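Please consult the sequence and the model shown below while reading.

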Amino acid sequence: MRVTVRHQESGSWALVAHPEDYDGHPPVSRIMFDREARMATPDRLALASYLFFGANASASFETPMWHSPALAQAMVEDAAPNWLQTRPVELYAKSITYGHRLVSVTLEGNTAEFGDTLSQSEFELRFARSDRSSGSRFTFGSLELSTNAWLVSQGTKPDKMFKVTLGCGVLFAADVEADTLALAGEGVSENTERSARSLLGTVGLGLELR
């Protein structure tokens with residue numbers, strides 16, 4: 001499977017999956033956002049692509065730009081027992097982006113709102129359903145934008161819903177200077193949590209489950 005970035009004429013921005021021989025077909029092959037992930041590094045683009053489409057890939061998984069050997073290994077381990085080879089891998093050392101704040105991530109239709117559990121200093125990253133709203137809004141305490149990502153995991157198990165929500169957070173983490181992503185963890189398996197922490201660690205992010 002090959003994943004590319006596409007800028008839409010409408011002004012939206014998308015990650016697009018191109019299934020190849022032996023790949024499964026994801027429920028939605030184009031994950032669109034009403035705002036570009038301007039600060040996303042190649043590694044984080046690769047990780048978000050994997051979280052959205054990796055479950056449908058077989059044998060080869062090509063990310064939009066390069067990714068590090070550490071992330072490649074983490075994706076291969078997460079995909080097991082499925083055999084997966086990722087590319088292109090950048091062997092020269094690159095800097096890792098780090099943020100400075102805890103950011104709560106919610107995807108409408110998938111995760112419960114944190115409500116009163118939010119601290120006054122906590123930043124919110126909220127993804128609204130594209131069939132109910134459009135555009136994006138950046139304030140001092142939140143970034144809200146619409147996406148069709150909820151279609152990928154609608155009606156699926158908690159682990160899949162968690163991965164899609166996490167993918168959204170990874171894409172926009174640098175735009176909101178996140179250092180740790182906080183997500184609802186109800187029903188998420190220990191294996192999925194362990195893999196998520198390993199994957200996030202390779203791109204300079206932490207994880208908090210609630």
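Helix α4 passes helix α5 in a right-handed crossing, a term used when the near helix is turned clockwise from the far one by less than a right angle. The structure is a predicted model, in which local features need pLDDT of at least 70, side-chain atom pairs count only at pLDDT 80 or more, and totals for chains, interfaces and linings use all residues. Residues are numbered from 1 along each chain as its sequence is written, and side-chain values use heavy atoms, with hydrogens and water left out.

**Helix α4 and its partner**

Helices (H or I, at least four residues) and strands (E, at least two) are DSSP runs, numbered from the N terminus. Helix α4 covers residues 158-172, and its 15 residues reach 22 Å from the first C-alpha to the last, close to the 21 Å expected at 1.5 Å a residue; the expected span is 1.5 Å times one less than the number of residues.

Of the 15 residues in α4, 12 are buried, that is, under 20% relative accessible area, where exposed means over 50% and partly exposed in between (1.4 Å probe, protein chains only). Among the buried residues are Lys 160, Phe 162, Leu 166 and Val 170.

Helix α5 (residues 190-201) packs against α4 at an angle of about 15 degrees, with the axes 11 Å apart. That angle makes α4 roughly parallel to α5, the term for angles under 35 degrees. In this packing, Asp 159, Phe 162, Lys 163, Leu 166 and Val 170 of α4 meet Thr 192, Ala 196 and Leu 200 of α5, contact meaning heavy atoms within 4.5 Å. By class, five nonpolar, one polar and two charged residues take part in this contact.

| Peptide bond | Form | Omega |
|---|---|---|
| Ala 80 to Pro 81 | cis | near 10 degrees |
| Arg 87 to Pro 88 | cis | near -10 degrees |

Pro 81 lies in the loop between α2 (69-79) and β5, whereas Pro 88 is found in strand β5.

Tyr 22, although not a glycine, has a positive phi of about 75 degrees. This tyrosine sits in the loop between β2 (13-18) and β3 (30-33) and counts as exposed because its relative accessibility is 75%. Glu 177, also not a glycine, has a positive phi of about 55 degrees. The loop between α4 and β10 (178-183) holds Glu 177, which counts as partly exposed at 41% relative accessibility.

How values were computed: Axes are lines fitted to C-alpha atoms, for helices over the stretch in contact, and angles run from 0 to 180 degrees between N-to-C directions. Angles under 35 degrees count as roughly parallel, over 145 as roughly antiparallel, 65 to 115 as roughly perpendicular and the rest as oblique. Ala, Val, Leu, Ile, Met, Phe, Trp, Tyr, Cys and Pro count as nonpolar, Asp, Glu, Lys and Arg as charged, and the others, Gly among them, as polar.
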